[in-house]
Amino acid sequence: LAQDSEAHLPDQKHVPTVDAEEISAAQPYARPESFGLQLYDHEKGENIVGKAIPHASARLQVTGEAKYVDDMPLFANALHSALVLSTKPHALIEAVDTEEALAIEGVVGYYGHEQVRGGNDIGPVIPDEECFAKDKVTCVGQVIGIVVAETEQQAREAARKVRVQYKDLPPIMSIEDAIESDSFYGENWESKVERGDVDECFASGACTHVVEGDMKIGAQDHFYLETNA
């Protein structure tokens, strides 16, 4: 298909221009058509448990007919935005200078925590994050503000022109660092898994083997992309 697509006429085949001695010794790559098969063991009747039910959007997605945001044309007079992100892992925000950014042609404005109507606190379960960092940043890449402009290029250029003045704070890289710095989650944040009674088990003498140690894993949180990409 790739070779035929390079032909100028419908009945004209592509003729390679590379000498045979310079062509790789590897075999041409051919990929068969994709297919899939899934079997279900389901009893007939009204029992819905275990029944194969297609996803509501499956047919549109597998045929390529599903429309995502990037497939849609922009509306007339649509604006573009670019985020102003922290360049420090842990620091106080002393000042945000937007004068140079706002002077760029096509820039409509800059918006930070001051322009957020209602609460600035967000979070999927517990609102313990800020939409726009107000007084302090706790990681590189944390959102401080957003620049809006007539074109994407103007927005990105203006975002780079926003000057943020920081006061560095000691980085907290581990649980031990957090304990030493007295850095803990708020009183309303609690997440733990408990099963059984450890003290009762030790007191019973039934623990014939005791294994001690530490295990550390990074936090994970899924992010739903559809229908953005």
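Let's start in a loop: N77 sits between α2 (58–62) and β1, where helices (H or I, at least four residues) and strands (E, at least two) are DSSP runs numbered from the N terminus. This is a predicted model, in which local features need pLDDT of at least 70, side-chain atom pairs count only at pLDDT 80 or more, and totals for chains, interfaces and linings use all residues. Residues are numbered from 1 along each chain as its sequence is written, and side-chain values use heavy atoms, with hydrogens and water left out.

Most residues other than glycine have a negative phi. N77 counts as exposed, at 77% relative accessibility; here buried means under 20% relative accessible area, exposed over 50%, and partly exposed in between (1.4 Å probe, protein chains only). D182 is not a glycine, yet its phi is positive, at about 55°. D182 lies in the loop between α5 (175–180) and α6 (198–204), and its relative accessible area of 59% makes D182 exposed.

Now let's step back to the whole chain. There are 6 helices and 8 strands, and along the sequence they follow the pattern α-α-β-β-α-β-β-β-β-β-α-β-α-α. Of the 229 residues, 16% count as buried. The accessible surface comes to about 20500 Å², with 53% of that belonging to carbon and sulfur atoms; the areas come from the Shrake-Rupley method with a 1.4 Å probe, and for residues only the protein chains shown count as cover. Among contacts (heavy atoms within 4.5 Å) with a separation of 6 or more, 71% are between residues 24 or more positions apart.

Where do the nonpolar side chains gather? In soluble globular proteins, such side chains tend to be buried together. A nonpolar core is a set of buried Ala, Val, Leu, Ile, Met, Phe, Trp, Tyr and Cys residues joined through side-chain atoms within 4.5 Å. The largest one here has 19 residues, and those with the most contacts inside it are V84, V137, I144, V147, V162 and V164. Two or more residues come from each of β1 (80–85), β2 (91–97), β3 (107–111), β7 (143–149), α4 (152–161) and β8 (163–168).

β2 and β8 run antiparallel and are joined by 6 bridges.

D168 lies in strand β8 and is the bridge partner of A91. Beyond its neighbours within four places in sequence, D168 is in contact with K88, H90 and A91. D168 is exposed, with a relative accessible area of 52%. D168 and K136 are 32 residues apart in sequence, with 9.8 Å between their C-alpha atoms.

A last stop is the cysteines. With a disulfide taken as a pair of cysteine sulfur atoms within 2.5 Å, the count comes to 0. C139 is partly exposed, at 35% relative accessible area, and C207 is also partly exposed, at 28%.

Terms used:
Two strands pair if DSSP finds at least two bridges between them.
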